Amino acid sequence: MKTKVFLLVTVVALLLSATACGAVSGLKTASDTGNSFMQALKDQDNEASWNMLSPAVQDEIGDTAAWADFTAPRGFESWKFSSVNVENGSAQLDGEAHINGDGYDVTLVMDQSGEDWLITGINFTYQQ
């Protein structure tokens with residue numbers, strides 16, 4: 001009986017550990033994607049940032065020329081995500097960014113596609 005209880009506790013502990021590692025990994029990769037996206041905006045690397053968008057967002061924008069028009073005034077100099085939430089293959093990063101001394105609240109929403117995260121929502125709001 002003691003062996004069965006010990007085995008059950010060990011299996012549960014291993015499952016919880018694996019779940020926790022997956023959650024931490026999801027937080028890190030979503031955060032990495034958000035930072036890569038913001039860096040691409042800063043660098044005006046429209047090809048890189050375009051490729052981080054979900055196909056649905058790309059369809060909504062239309063084409064890379066329209067995307068370049070959107071990104072042109074958004075070469076943020078600095079940013080910091082203060083909140084990263086990952087749940088069921090979706091992530092939301094919230095924080096703030098700055099350009100020319102002006103502050104913006106930033107929200108990026110992402111969905112997991114295989115091993116990658118794709119941007120499914122973007123919101124930049126000027127801080128008044």
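Of the chain's 128 residues, 27% count as buried. The model is predicted. The chain holds 4 helices and 4 strands. Read from the N terminus, their order is α-α-α-α-β-β-β-β.

**Surface and contacts**
- The accessible surface of the chain is about 8000 Å².
- Carbon and sulfur atoms account for 55% of that surface.
- Among contacts in the chain with a separation of 6 or more, 42% join residues 24 or more positions apart.

**The nonpolar core**
- The largest nonpolar core contains 22 residues.
- The residues with the most contacts inside this core are Phe37, Met38, Leu53, Leu93, Val106, Leu108 and Ile119.
- At least two core residues come from each of α1 (2-42), β2 (90-99), β3 (102-113) and β4 (116-126).
- α1 gives the largest share of the core, with 5 residues.
- Which residues does Leu53 contact, leaving aside its neighbours within four places in sequence? They are Phe37, Gln58, Ile61, Trp67, Leu118, Ile119 and Ile122.

**Two loop residues with positive phi**
- Gln44 lies in the loop between α1 and α2 (46-51).
- Gln44 is not a glycine, yet its phi is positive, at about 55°.
- Gln44 has a relative accessible area of 33%, so it counts as partly exposed.
- Asn100 sits in the loop between β2 and β3.
- Asn100 also has a positive phi, near 50°, in a residue other than glycine.
- Is Asn100 buried or exposed? Asn100 is exposed, because its relative accessible area is 64% and the cut-off for exposed is over 50%.

Note on methods
Residues numbered from 1 in each chain as written. Predicted model: local features only at pLDDT ≥ 70, side-chain atom pairs only at ≥ 80, totals over all residues. Heavy atoms only, no water. Buried < 20%, exposed > 50% of the residue type's maximum accessible area, 1.4 Å probe, protein only. Contact = heavy atoms within 4.5 Å. Areas by Shrake-Rupley, 256 points an atom, 1.4 Å probe, with all protein chains shown as cover. Core = buried A, V, L, I, M, F, W, Y, C linked by side-chain atoms within 4.5 Å.
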